[in-house]
Amino acid sequence: ENNKPQIITFDKIGSSQLGYITIAEAQKNIPFDIQRVYWTYYTPQDVIRGGHAHKKLQQVIFAVSGTITFNTEDKEANKEVFILDHPTKGLFIPKLIWRDIQFSHNAILLCLASELYDEKDYFRDFEEFKNY
Ligand code: TYD
């Protein structure tokens with residue numbers, strides 16, 4: 001289902017002797033064309049980021065290092081918790097999902113996004129999102 005947040009498990013190639021590689025490819029294991037990539041780092045453990053939803057944007061998000069916890073909520077008040085604790089786990093987030101995000105001290109978040117940055121695509125007010 002493409003309207004629900006869900007974990008995608010990516011293959012890993014390699015061995016414990018040599019290390020590993022994991023690959024994301026548009027329209028293969030990523031269900032959209034990737035227009036933008038960003039990463040976040042050094043987020044303090046006591047900070048909650050996110051606090052927004054998107055009108056159109058789709059994302060696949062990885063914790064390439066550390067552990068990142070997502071609390072998601074859709075417009076029908078369905079709430080879920082997703083824990084990214086391994087570099088092979090990607091969280092697909094479709095449009096219209098509110099999310100709050102918490103990071104372990106060493107976490108690096110990598111996001112593959114379906115659109116260029118557009119502040120008008122954001123809901124930063126929860127009530128506005130719910131009433132949309
Ligand atoms: P925001 O999406 O609110 O981050 P988070 O969900 O991690 O808390 O973005 C934080 C700031 O960075 C905000 O001022 C907008 C800016 N920003 C860009 O300029 N371009 C981008 O592609 C992104 C994702 C954010």
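Predicted model: local features only at pLDDT ≥ 70, side-chain atom pairs only at ≥ 80, totals over all residues.
Biologist: Where do I start with the fold, and what pattern does the protein follow along the sequence?

Modeller: Begin by listing the elements in order. Here there are 12 strands and one helix, and the helix comes after the strands, in the pattern β-β-β-β-β-β-β-β-β-β-β-β-α.

Biologist: What share of the residues count as buried?

Modeller: A residue is buried if 20 or more other C-beta atoms lie within 10 Å of its own. By that count, 23% of the 132 residues are buried.

Biologist: And which contacts should I look at, in terms of sequence separation?

Modeller: Take the pairs at least 6 apart in sequence; 76% of those contacts join residues at least 24 apart.

Biologist: What does the UniProt annotation say about residues 5-132?

Modeller: The unreviewed entry labels them "domain: Sugar 3,4-ketoisomerase QdtA cupin". In the model, that span is 46% strand and 5% helix, with its end C-alpha atoms 19 Å apart.

Biologist: Last one: which residues surround the ligand?

Modeller: They are R36, Y38, T40, R49, G50, H52 and Y117. Two elements, β4 (36-40) and β5 (49-54), each give two or more residues to this shell. By class, the shell has three polar, two nonpolar and two charged residues.

Key. Residues numbered from 1 in each chain as written. Helix = DSSP H or I, 4+ residues; strand = E, 2+ residues; numbered from the N terminus. Buried ≥ 20, exposed ≤ 12 C-beta atoms within 10 Å, placed from the backbone. Contact = placed C-beta atoms within 7 Å. UniProt positions renumbered as here; feature names shortened; annotations may be inferred. Near = placed C-beta within 6 Å. Nonpolar A, V, L, I, M, F, W, Y, C, P; charged D, E, K, R; others polar.
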